[in-house]
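Look through the predicted model below before reading on.

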Amino acid sequence: MTESQLVSHYALWALVVGLSVVVLVLTRQVGILHERIAPAGALALSSGPVVGEPAPQVDAHALDGTRVRFGPEAERLTSQLLFFVSPRCTVCRELQPVVRSIATRNHVRLTFASDGDELDHDSFIASHQIDRGDYVVSEELGTQFGIAKLPYAVLIDEHGIVRAQGLVNTREHVESLFEAQELGVGSVQDYLQGKDQRSDSKEVHAHGLA
Amino acid sequence: MEPVISWTLRVALALLFAISVWEKVQGFSKFKRAMRDYELIPRAWVSIAARSLIVCEGVVAIALVATPWSGLGVIGLLVVYCVAIAINLARGRTEIDCGCGGTDGQPLSSLLLVRNALLAIAALGVLLPLRSRPLGPHDIFAIGAAVTTISILWTASGQLLKNAQAVRSMEGTR
């Protein structure tokens, strides 16, 4: 081989190996992306009421003084979305209009729940034009529902049964609650777990058949 | 056959079978379970059959470096695998693990038949008579680089099969 042929021989091989490495990395990244875009949903925390069971019986007062009752004995005509917020939580502030529009679209009554210093709440309500009758400040409510992290949303149906709940950080998380109610599962985690179990049982079934 | 191409095929196939033996020994119980799931041999024989298959692959891997005739062994093994996979595909049992090694199992698919057919073509190439010519340092380099490239692309194709599976399972949820 001439010198120029040798140079091109080695240079081309280096390029081919380099290119194949790039292809490998790309395929792996596509694989990782597939894992990331698996259905996202509200993260249900273990404490608090169980989905499918009645919401805890709590009597609270909205900021305008009206009595708001939670639980199976409370009289109501529509489902209710309980949105736990804190005026200091940035995500709650950003998510608030989103939650409101989703609640309107799904014809559920939206109730904001919070606790702590009353002054905070007034400026929060004023800046977001929330009806005082839809804003409940009650420490008992948060304790009964086992709220550890914010913003947290609980969907209660017209019979006072908890249908879905979870930590919500995005629009998809809030929508997943309604999706979960429609599918009859407690949370996206339950759904994904159920899917695994279904495929497992399919396998067992296949073994049993043969 | 040009010796550089023949040697590239032989070393790449030897590497493939060596890795396959290593993975099967590492996850022997998983491999046994996969073989049982194929339901082609009585359960009592599965353990012995699994061991002999691993030994066969090991022998083929070593023989590939020693003699071009080992291409026959490769084709023999691949025919056995293809028949086993084809029978279970015909039974419609696509959910069982193919037992091809790797950390997470791979379900049966016709793509595996295509993959094995490609390997068999490579093994046929090994069997072709060699054009005698001394190998120089540049040839050795070319063989090494080609084997490296083939290994990387092989891994990438495995990842692509896995991705295709992820896409299918995602379509199932929507």
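In chain A, five strands form an open sheet in the order E5-E4-E3-E6-E7, with mixed pairing. Helices (H or I, at least four residues) and strands (E, at least two) are DSSP runs, numbered from the N terminus. Two strands pair if DSSP finds at least two bridges between them. Strand E5 (135-137) and strand E7 (162-167) of chain A are at the edges with a single partner strand each, so one side of each has no neighbour in the sheet. From one strand to the next, the twist averages 20°.

This is a predicted model, in which local features need pLDDT of at least 70 and side-chain atom pairs count only at pLDDT 80 or more, while totals for chains, interfaces and linings use all residues. Residues are numbered from 1 along each chain as its sequence is written, and chains are lettered from A and ligands numbered from 1 in the order in which they are written.

Strand E4 (residues 109-114) of chain A runs parallel to E5(A), and three bridges join the two. Ala113(A) has Val136(A) in E5(A) as its bridge partner.

Chain B has six helices and zero strands. Of its 174 residues, 27% are buried, where buried means that 20 or more other C-beta atoms, placed from the backbone, lie within 10 Å of the residue's own.

How do two packed helices get described? The angle between their axes and the distance between the axes are used. Axes are lines fitted to C-alpha atoms, for helices over the stretch in contact, and angles run from 0 to 180 degrees between N-to-C directions. Helix H1 (residues 3-26) and helix H5 (residues 110-127) of chain B pack at an angle of about 130°, with their axes 9 Å apart. H1(B) and H5(B) are therefore oblique to each other; angles under 35 degrees count as roughly parallel, over 145 as roughly antiparallel, 65 to 115 as roughly perpendicular and the rest as oblique.

Two residues are in contact if their C-beta atoms, placed from the backbone, lie within 7 Å.

| Helix | Residues in the contact |
|---|---|
| H1(B) | Ile5(B), Ser6(B), Leu9(B), Arg10(B), Leu13(B) |
| H5(B) | Ala122(B), Ala123(B), Gly125(B), Val126(B) |

Between the chains, 20 residues of chain A are in contact with 19 residues of chain B. On the side of chain A that touches chain B, H1(A) gives the most, with 14 residues.

Note on methods. Buried ≥ 20, exposed ≤ 12 C-beta atoms within 10 Å, placed from the backbone.
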